[in-house]
Amino acid sequence: MASRGLVLRATSLLLCLLMTPGLAWRGLALVGRAARPRTSRLAASARRTWAIAEDGRWVSSAAATARGANDVGWSGLSREARASSDASSEEVGVHEVSDAAEARRVAALLCARDELIHACDTEVADLDLGRSPLGQGRVLCITVYSGPDLDVGSGPGKALFVDTTEPGVLEAFKPWLERESALKVWHNYGFDRHVLYNHGVDVVGFGGDTMHMARLWDASRLAGYSLAALTEELVGRAKASPLTRPDWVQYAVYDAKGAPPLERQARLSRMEWLRTRSLFDFYTEYWRPFGELGAVSAPLPLPGELLTDMERAGVMVDVRSKLPLAQTRAQADRDAAELTFRKWAARYTEAAWYMNVGSGTQVQTLLFGGATRRNSAEVSELKEELDARGVSRKGLRLKADLRQRLSEAVSTSEAGVIVDSGRKEVEFELSSLQLEHAKTTKSGWPATDAAALRELAGRPSEDPPVFGSAYGAFGGGEVGEEACRALEALCQMGAIDTMLSNFILPLQDLADGTSRIHCSLNLNTETGRLSSRTPNLQNQPALEKDKYLIRDAFVAAPGKALVVADYGQLELRLLAHMTACTSMVEAFKLGGDFHSRTAMGMFDHVRRAVEDGTCLLDWDYSQGEPPAPLLKDLFGSERRRAKTLNFSIAYGKTAHGLSKDWGVSIDEAKEMLRAWYADRPEVLQWQKDTIASARATGATRTLLGRYRTLPGIQGRNGAVRAHMERAAINTPIQGGAADIMTLAMIKLQRSEKLREMGFRNLLQVHDEVMFEGPAELADEARAEVVACMERPFDENLPSLLVDLVVDANTASTWYEAK
DNA sequence: GGGAAATGCGCC
DNA sequence: AAAGGGCGCATTTCCC
């Protein structure tokens with residue numbers, strides 16, 4: 001068997017490509033990763049250009065510099081805060097509380113000072129950051145800083161260091177922590193509340209969350225200052241060597257001093273919100289209740305907690321039968337698909353039998369032979385250089401389980417193909433099928449994602465089958481068909497693997513003793529949406545793709561029911577409202593299928609067909625069978641395009657992107673965009689105005705007037721600028737939708753009906769909420785949920801030009817309720 | 001061994 | 001210059 005040398009990696013070696021029977025050798029094509037161009041991430045590398053002047057107005061950084069204003073960036077503040085903290089660490093002394101008697105004395109003094117706002121923090125040990133703090137972690141200490149007016153006997157303005165590892169200390173502080181009138185400000189409240197709850201302390205008296213406040217004055221990323229980052233640092237240090245007491249004290253009081261809530265409040269107070277009011281008013285009225293409990297100045301007290309209560313409640317999953325069954329089915333399907341692919345691939349290159357099918361690099365090598373970005377001269381040059389240095393084969397690591405399965409095969413393999421290196425790794429040589437690739441990754445390598453595999457495979461299992469580009473590459477006929485089927489199997493295997501490792505397995509692992517999953521809900525996005533992590537419950541498979549019925553494993557507790565409610569076309573309604581687009585507002589007023597109406601507006605022949613009765617816009621099937629065909633059936637492709645545009649326009653999609661998605665020319669894509677905008681000129685105008693204003697001010701605003709700074713929108717980097725311009729028109733919509741959901745959730749939380757009926761909010765997925773409560777009251781609860789969501793605005797806020805439509809169902813599983 | 005980058009993919 | 005906004009996360013590979 002002849003083999004030819006080929007360059008791979010500068011540090012290690014050279015890949016021998018094998019001549020394989022039945023496949024034409026097309027020469028050298030594999031290039032090492034060292035040749036990859038470096039790319040940087042757009043958002044992360046963008047530099048901030050905005051600042052707040054002393055009077056609280058947004059100004060450009062140039063103006064800010066001229067006027068000596070502070071950099072508004074979090075990192076900027078963080079540095080200032082750290083500097084001032086470091087500078088004042090000698091000035092602000094620490095009062096240590098290390099025994100029960102002293103704890104009782106100090107806690108009593110605190111209870112007498114409800115007029116103060118107390119900045120609090122905890123330090124925690126024995127914590128796995130990959131899961132919710134509910135049910136794990138041990139509080140080591142609490143730190144409290146109450147400002148210069150508190151004196152517990154050792155002088156005014158001391159930070160308290162409360163050592164809760166000493167017996168009786170936490171118990172002594174419990175009454176104060178559970179005291180509703182003692183306002184406590186935290187940095188990422190949910191974390192501390194949950195960890196203290198593990199010790200039987202149910203913290204209330206929420207004064208605010210400095211993390212949320214920071215988000216409000218600058219929605220940009222807060223890299224490096226997350227609680228997780230701080231905790232990881234601490235855990236890392238504790239691991240390296242036991243922390244000494246002074247370490248602990250300094251570390252623990254750092255946050256309270258470094259991010260004083262009053263400074264946050266002052267910053268927010270300087271920023272305009274609705275003409276005469278400030279962002280601090282916004283925080284107090286909306287985000288503080290959203291973050292937790294209505295404190296003194298909220299318009300109405302909230303009867304409990306919101307985000308932290310949702311986290312605490314968790315959602316029940318069926319770990320006894322449904323998820324294990326899903327796992328069994330998924331693993332069987334995956335193994336079958338994997339075998340199909342392996343058998344096929346190994347016929348061309350034996351090493352494929354041993355490869356890691358989950359490795360993009362190996363699939364890349366197998367199918368395409370690597371990148372095509374280097375010309376042959378460069379390849380030869382590299383090859384010579386590496387040959388001269390004597391570098392040899394590439395070692396490809398195999399998964400442990402695969403390794404075990406293959407250990408026998410390795411020892412009996414044909415000469416030359418598999419080399420057991422004697423280390424933990426098995427080295428092998430993978431020759432390439434040298435297929436043409438239609439798509440590359442952003443760094444220029446052939447993509448091996450689902451779309452790329454689909455391009456090769458086509459839809460060979462459909463009737464009639466549609467074969468992809470691999471069919472011809474393998475000479476058509478049965479051989480071509482088999483190739484397509486094998487590549488489809490590879491694609492399916494990847495999809496099933498995703499279901500297993502992202503959903504089916506972690507859900508079982510993360511469920512607590514009562515089969516409930518507790519995610520962490522964070523108010524930490526650029527647009528004001530929530531995010532969910534450990535696990536992310538906001539990306540569970542949607543109904544159409546939920547082959548293993550994962551959503552069916554999300555269940556109501558025995559005797560209870562779920563109420564699942566979602567807004568219909570929330571973002572499109574926001575777009576209609578914010579642009580005051582007559583056509584869209586009218587379409588929503590008329591009701592019926594919105595995308596079909598869009599198709600009518602875009603295509604004359606569709607409009608005529610509806611007008612002369614050839615087809616119906618929409619039909620209510622409770623009236624029996626429709627007397628004429630429906631638009632969506634007669635003009636399916638027109639409606640699909642209209643729908644795609646409806647969703648894409650708000651994201652700023654370009655003709656270039658549309659033409660690629662649809663496989664049409666740029667001109668055709670442009671024509672589609674023109675047709676969409678022709679019916680909605682206000683949208684185009686609004687987008688232009690919004691971008692212009694964003695460029696002038698460096699920020700864009702949501703429906704409720706929250707800001708998002710857009711670093712780089714005035715800069716010279718075209719890619720960053722274009723990205724920020726799209727964000728400028730999307731954030732008002734996406735953030736506006738988030739505003740509406742925030743209002744709705746506050747209203748839901750304040751609903752006495754729901755509280756009396758025993759319904760509690762478990763989840764929010766951007767335009768959807770899930771409640772759980774007694775099954776016999778589910779219908780009544782459903783009606784109340786709909787009522788709250790349809791009218792989320794309080795009397796201080798203007799209403800929308802369009803109605804909010806809510807679809808809600810009750811069922812015992814998430815799957816059934818959709 | 002661990003962190004970071006690259007790739008890919010789930011949701012709205 | 002890139003070519004759709006916003007997230008979280010698994011896996012592999014690179015790199016120190």
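Reader: Before we start, what counts as a charge sitting over a ring?
Author: The NZ of Lys or the CZ of Arg has to be within 6 Å of the ring centre and within 35 degrees of the ring normal. In this predicted model, Arg701 lies over the face of Tyr707, at 4.1 Å from the ring centre.

Reader: And which ring does Arg312 lie over?
Author: Arg312 lies over the face of Tyr197, and the distance from the ring centre is 3.3 Å.

Reader: Turning to aromatics, how many aromatic pairs does the structure hold?
Author: There are 16 aromatic pairs in the structure. One of them joins Trp273 and Tyr286 in an edge-to-face arrangement, with 6.1 Å centre to centre and 70° between the planes.

Reader: Where do Trp273 and Tyr286 lie?
Author: Trp273 is in the loop between helix 10 (261–269) and helix 11 (279–291), while Tyr286 belongs to helix 11, so the pair ties together parts that are 13 residues apart in sequence.

Reader: Are those two residues buried or exposed?
Author: Both Trp273 and Tyr286 are buried.

Reader: Which residues form an aromatic cluster with them?
Author: Phe282 and Trp287 do; together with Trp273 and Tyr286 they form one aromatic cluster.

Reader: What about Phe554 and Trp814, how are their rings arranged?
Author: Phe554 and Trp814 make an edge-to-face pair, 5.1 Å centre to centre, with 75° between the planes. Phe554 lies in strand 20 (residues 554–555) and Trp814 in the segment after strand 26 (806–811), so this pair ties together parts 260 residues apart in sequence.

Reader: Why do Phe554 and Trp814 count as buried?
Author: The cut-off for buried is under 20% relative accessible area. Phe554 counts as buried because its relative accessibility is 0%, and Trp814 counts as buried because its value is 1%.

Reader: New topic: at what angle do helix 13 and helix 19 pack?
Author: Helix 13 (residues 322–348) and helix 19 (residues 477–510) pack at an angle of about 150°, and their axes are 8 Å apart. Angles over 145 degrees count as roughly antiparallel, and helix 13 and helix 19 are therefore roughly antiparallel to each other. Their crossing is left-handed.

Reader: How do the residues of that contact divide?
Author: The contact of helix 13 with helix 19 has 20 nonpolar, four polar and six charged residues.

Reader: Last one: where does Val94 lie?
Author: Val94 is in strand 6 (residues 94–97), and with a relative accessible area of 27% Val94 is partly exposed. Val94 and Lys158 are 64 residues apart in sequence, yet 5.2 Å apart in space, C-alpha to C-alpha.

Note on methods: Residues numbered from 1 in each chain as written. Chains lettered and ligands numbered in written order. Predicted model: local features only at pLDDT ≥ 70, side-chain atom pairs only at ≥ 80, totals over all residues. Heavy atoms only, no water. Axes fitted to C-alpha atoms, helices over the stretch in contact; angles between N-to-C directions. Helix = DSSP H or I, 4+ residues; strand = E, 2+ residues; numbered from the N terminus. Parallel < 35°, antiparallel > 145°, perpendicular 65-115°, else oblique. Left-handed = near helix turned anticlockwise from the far one by under 90°. Nonpolar A, V, L, I, M, F, W, Y, C, P; charged D, E, K, R; others polar. Phe/Tyr/Trp six-rings, centres within 6.5 Å; stacked < 30°, edge-to-face > 60°. Buried < 20%, exposed > 50% of the residue type's maximum accessible area, 1.4 Å probe, protein only.
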